[in-house]
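Visitor: I would like to learn how to read a structure like this one. Please take me through it one feature at a time.

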Amino acid sequence: MKDEPNLVEMRDITKGFPGVLANDRVSFAARAGEIHALLGENGAGKSTLMSILTGLYRPDEGEIIVAGRRIELHSPRDAIRNGIGMVYQHFRLIPPFSVAENVILGLDAPRFLLNMPEIEKKVAALSESYGLRVDPKVKVWQLSVGEQQRVEIVKMLYRGARILILDEPTAVLTPQETRELFLTLRRMAGNGHAVIFITHKLHEVMEVADRITVLRGGRSVGTVEKKDTNPASLARMMVGREIPPAPSRSEGPRGEKILELQAVQAMSDKGLPALRGVSLTIRAGELLGIAGVSGNGQKELAEVVTGLRPVQAGRLYIKGKDLTNRSPKEIIEAGVSHVPEDRLGTGLIPNLGVLENVILKEYRRPPISRGPLLDRRAARERSEDLVRDFQVKVAYLDLPVKLLSGGNLQRLLLAREISAAPSLIVAVYPVRGLDIGATETVHNLLLQQKARGAAILLISEDLEEILHLSDRVAVMYEGEIQGVLPSSEARLEEIGLLMAGMKKEATTA
Amino acid sequence: MDQMLLISILAAAVTSGTPILYAALGEILAERSGVLNLGLEGMMLVGAVSGFMAAVKTSNPWLGLMVAALAGGVLALIHAFLTINLRANQVVSGLALTIFGTGLSGFLGKPLIGIPAPQTFKPVTIPLLGKIPLLGPILFQQDYLVYLSYLLVPILWFYLYRTRPGLHLRAVGENPAAADAMGVGVFSLRYLYVAVGGMLAGIGGAYLSLAYAPTWLENMTAGRGWIAIALVIFSMWDPVRALLGSYLFGGVDALGFRIQAVGAMIPSFFLNMLPYIFTILVLILATREGSRRGAAGPGALGLPYDREER
């Protein structure tokens, strides 16, 4: 494999967006038959580089060479014609369409009439030859996330892609699905494809990659063979400094029951049962992590606890008080803070300034409120304090928050939520999209709050994060708690089985 | 109610439903591609006046029809440019188009008011089919434009669901980013279908001035463009349901006339309101039904697409 020539080569690629240089003279090459990991933090320029390779962005400078020929990519169609296919993190699938319809979308053949039975047969044959089980007749919205990813891969293979790019493909998978994906990738590399794997997870790189190219701050740090490296040195390349040891979980004293759910049932937005009898309790000074593949009721659970979603059956108690189906306002007043999944949609108001967003929960109370009026000066002081204490970087306080970076947004949101000294914090995917530095800050803040005696409900897709921070781990699958384990005893393997719905013997929360 | 009256009401339902049907079919194409065009009323009016003008000049209603389609299409291209290239708000642009079309048609039509159309589309009985009891006089003693719409509905249905271009059309309206990533030309397709939608709206307008009325009156669409937009929602973006819906509206419209003709003691203003009241009722029911079934129209309807948006 060493002697294989480069199947694809990108030379000195530069691409700028207003205000940022996303790629600064980046060079990258992948050979046929290898799995090549593209490693870097969020914002390191991985996705931009690959979007250039798929014709979605045009580079400002640099050239692309595929199979020894210099090519110009004007559109995704050009990329596909040159055998370059990408599986995006957010799938480019059309949910109301069937698998086969999604697979043939955008192809020149058939010219006009669609003979679906025949197309379905071809799709089935191709997917079986790579061990990617999926029924071509089924509508995509009926598929699990792992299956949808398979459709994306089949789609690319159907187009004869020789260079397959996967953007953070494991973020949405259970450990078992991940293993299956890795087997598929290995099979594809064995068939002479070049597989490019974008990730920021070191252990995955060490598990599956042959070579690794590390990006940092829009520049290439270097390419290494896996056998010549180790996770610590990769992390150094990725971050550019030593990584401080992660904050460790402290076993503080547990207090009274803060949150108690009794057999709660709730519907999803589509009117289907999303929570099917969830019972759990969290005590003061305890962090309960909810693990599970997203879409198994986590979002609905957070919304029920924060009063945003009606409860169909069951009870919700906060500090022993029955708050079932009370308004979010009453629940906030009971001491519940919410760090929602959708920071700019649910957590903050994108077009309003920092100041307005900071006082969103306090504007009714003095000193911010003075009768029917707002005390702008008090509000300004409050915002200045929080921005300083939580190191939110803002040019001025009236800056619309939609212009803040992900890390700053999350710090601002946490500042507002934590400053109320809540007794319960509901944090949903709190570090999604954040770089290592911001992740550290968020984790530290949550652990500080725990130490102060707050109860914390942490929902995350990242098992390592959950195992690391939680006192206990509850696994959700299809709207039910599959099991609750003390995190000191939980093994990745066992959680993975629970995430896939293989229920453990009765354990209760 | 005797049988003759029933047949005449139902036949009139088809006739007065036809202009709405054309406009609705055009709007279905545009909305399926993800572009909401609220300029339907304006495009119909401009189609009606320009088609009428051309028919007066040439004494050929078919030429009038072509001019009407062209005029509707050109007007739609303005909307396409604003919403697809400049990513303007589709609601605002569509409303502006309606206001513009209303004004333009009034201006162009000033000298035409009161002139009878020299040649119009007249009912033609289809051999054999026209003789079927009940159905014959209702469906098959109509003019050529009605027959054309009979053909258009199954053709569009087949095109949407059974052909490759139809798949691409739906994909662009559901998820332009996915379609784009697969090499489907989002911009060109949206342009195409907005323009074709405008052409069909123009034909719908020309039906009023060359077959239904057949003369030019200022504002002669009388809200039919808006009814067609409501109908698109009611039909859940499906041509066959649009056909049924159009005739339902046409029937309510025709019923109003007949009740007046029979001399019932209901104020004519109230009867004229019927189609609009019916529209509101149908919309309430359709949206309730729709939200229950989770069918809310094309996923990207009303959203401009920007490839490099981050």
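Visitor: How many bridges join strand β16 of chain A to β19(A)?

Guide: This is a predicted model. In it, 4 bridges join β16(A), residues 336-339, to β19(A), and the two strands run parallel. One pairing to look for is Val336(A), whose bridge partner in β19(A) is Leu424(A).

Visitor: Which strand do 5 bridges join to β19(A)?

Guide: That is strand β20 of chain A, residues 455-459, and this pair also runs parallel. Leu424(A) has Ala455(A) as its bridge partner in β20(A). Between β19(A) and β20(A) the chain passes through helix α15(A), residues 436-452, in a right-handed β-α-β crossover.

Visitor: Which residues lie on each side of β19(A)?

Guide: Start with the general idea. In a regular strand, side chains alternate between the two faces of the sheet. Here Leu424(A), Val426(A) and Val428(A) lie on one side of β19(A), with Ile425(A) and Ala427(A) on the other. Both faces are covered, and 5 of the 5 residues in the strand are buried.

Visitor: What length does α4(B) reach from its first C-alpha to its last?

Guide: The helix covers residues 90-109, 20 residues, and reaches 28 Å, close to the 28 Å expected at 1.5 Å a residue.

Visitor: Is Ala211(B) buried or exposed?

Guide: Count its neighbours. Ala211(B) has 23 C-beta neighbours inside 10 Å, so it counts as buried; the cut-off is 20 or more. Ala211(B) belongs to helix α9(B), residues 186-212. Leaving out residues up to four places away in sequence, Ala211(B) touches Thr120(B), Phe121(B), Asp143(B) and Leu145(B).

Visitor: How many residues does each chain bring to the contact?

Guide: Chain A gives 20 residues and chain B gives 19. On the side of chain A, the largest share, 3 residues, comes from helix α2(A), residues 76-81. By class, that side has 13 nonpolar, 2 polar and 5 charged residues.

Terms used
Residues are numbered from 1 along each chain as its sequence is written. Chains are lettered from A and ligands numbered from 1 in the order in which they are written. This is a predicted model: local features need pLDDT of at least 70, side-chain atom pairs count only at pLDDT 80 or more; totals for chains, interfaces and linings use all residues. The expected span of a helix is 1.5 Å times one less than its number of residues. Two residues are in contact if their C-beta atoms, placed from the backbone, lie within 7 Å. Ala, Val, Leu, Ile, Met, Phe, Trp, Tyr, Cys and Pro count as nonpolar, Asp, Glu, Lys and Arg as charged, and the others, Gly among them, as polar. A residue is buried if 20 or more other C-beta atoms lie within 10 Å of its own, exposed if 12 or fewer, and partly exposed in between; C-beta atoms are placed from the backbone. Two strands pair if DSSP finds at least two bridges between them. A crossover is right-handed if, with the strands pointing away from the viewer, the path from the first strand over the helix to the second runs clockwise.
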